[in-house]
Amino acid sequence: MNSWAEISEQHLTANYRAVLHIAGPDLPVLAVIKANAYGHSAELCAPLLARAGAPWLGVTDAEEGVRVRNSLTTAGMPLTCQPEVLVMCGPAPEDADAIVHHHLTPVVWDPAQMEELNRAASATPAQLSVHLEVDTGMSRQGLAAGSAFNRTLEVLGKCRHLQLTGVLTHLASAEVSGAAQTREQLAEFSHLLTAVARHRFRPRWLHVGNTSAIDNAKLTSEPSDPVTPMAWLREFADRFGARPMLRSGLALYGHALPLDSLTDSRLHPHLHPVLTWKTRIRSLTDVPAGAAIGYNATFRAARPMRLALIPVGYADGLRRELSATNTRPGGWTLVHGQRAPIVGRVSMNLTTIDVTCIPEARIGEEVTLLGPGITAADHAQIAGTIPYEILCGIRPTVRRLVAPLTSEPTFAPVTTAPVPSI
Ligand SMILES: *Cc1c(COP(=O)(O)O)cnc(C)c1O
């Protein structure tokens, strides 16, 4: 095995609790496990988050949703006790039957999606629950104000086999304190919801906000007006007779983006990285001073060095930007708790690290690529990207839980409080 990822059950559960705590009472949090739980394995994480009480899980597409449903069933959860599963990227036309069959809830915004789902749902007695995404200013996914808005809602209203159970939008600048864009997006959300209500839809859930929105206490407020986004969302949902909900992914895995200077992260002190990515030393070489190391001799040994070879490279998601030259340090790994810097270029499947000063470094010794002491944020900074891309990009041979479930858990059914009508 070239590399593996250890997933900490305790940290995942503790992070979810920390997010709930910061979000405050009565604010459920949809646990985002799209993109294979940001590289952590959606199938490993889904049962743990369900046990931690997540009422909703968010997946990328129907295929991932089916895998998640199966993982919950395999973990012993009857369907009626499983969280709802939101297909966040919307349905591909060929996925409609699988969505109905596996009780997934698709995000929709386009009449063609609604009609296809309505056709698929007509095969079963129950209505298919769908969430409408409205575009409030990101110009990415969702139904925006304009000529198609009312027409699309009319189509949805005619789809008898569909039930609109939620409306959501996504914020583009949630990590920016007091961002004008966020204020504008929330105002637009309120405006579009009023229009949705005029079409006599009574969505049960309204959701908005990601990890940074939860973290960013001053999201919507001027410095003189300390309204938290959570308070705003609660009040807002109340006005529409719906339940408010937040969505969080990054924080569940133990990370949060730095917020801009005005606001301290409230989440960060409570988060613990869930994933540790490891490999083992494959071989050791002693090289004399002057030896060229790796492609194009971008690094030359200034003194005799002991190099360890690890069987991981950019094909596994170890970013090539972590390469080091003599003048520009790159990334590092940890061997026996000590830093072993990457030397020369990261190649496709192989990387050399400097273990000259680590006598414990032997063939077969564990090497930590990501984990305590070398975080996804460190890799992201060196590679000029965001921790999301680092986490999603790693390809360990296997991912496994480090604290497997022992005791038989009991499941409370996911209950939904009755919602007064508008
Ligand atoms: C990915 C995603 C999230 C989660 O974002 P985090 O920053 O990881 O918390 C929330 N909402 C939507 C619509 C997303 O696509």
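Predicted model: local features only at pLDDT ≥ 70, side-chain atom pairs only at ≥ 80, totals over all residues.
**Helix packing, ligand contacts and strand pairing**

User: Within what arc do the buried residues of α7 fall, seen down its axis?

Analyst: Helix α7 spans residues 147-158, and its buried residues are Phe-149, Thr-152, Leu-153, Val-155 and Leu-156. They line one face of the helix, because seen down the axis of α7 they fall within an arc of 155 degrees.

User: Which exposed residues does the face of α7 turned away from its buried side carry?

Analyst: Exposed denotes over 50% relative accessible area. On the face of α7 turned away from the buried side, the residues that are exposed are Ser-147, Gly-157 and Lys-158.

User: How much of the area that the ligand exposes when taken alone does the protein bury?

Analyst: Among the 13 residues around the ligand, those that come nearest are Lys-34, Tyr-38, Thr-211, Arg-247 and Tyr-388. A side-chain N or O atom of Lys-34 is 2.6 Å from a ligand oxygen, and a polar side-chain atom of Tyr-388 is 2.5 Å from an oxygen atom of the ligand. For His-170, a polar side-chain atom is placed 3.4 Å from a ligand nitrogen. Taken alone, the ligand exposes 390 Å², of which the protein buries 92%.

User: Which residue in the turn between β15 and β16 has a positive phi?

Analyst: Strands β15 (residues 332-335) and β16 (residues 338-343) run antiparallel and are joined by 4 bridges. Val-335 has Gln-338 of β16 as its bridge partner. The two strands form a hairpin with 2 residues between them, and the turn residue with a positive phi, about 55 degrees, is His-336.

User: Which residue in β17 stands opposite Ile-342?

Analyst: Strand β16 also pairs with β17 (residues 351-354), in the antiparallel sense and over 2 bridges. In β17, the residue opposite Ile-342 is Ile-353.

User: What arc do the buried residues of α11 cover around its axis?

Analyst: In helix α11 (residues 376-383), the buried residues are Ala-376, His-379, Ala-380 and Ala-383. They lie on the same side of α11, because the arc they cover around the axis is only 100 degrees.

Technical notes
Residues numbered from 1 in each chain as written. Heavy atoms only, no water. Buried < 20%, exposed > 50% of the residue type's maximum accessible area, 1.4 Å probe, protein only. Arc of directions from axis to C-beta. Near = heavy atom within 4 Å. Polar contact = N/O pair within 3.5 Å; in protein donor to acceptor, adjacent residues only side chain to side chain. Areas by Shrake-Rupley, 256 points an atom, 1.4 Å probe, with all protein chains shown as cover. Pairing = 2+ DSSP bridges.
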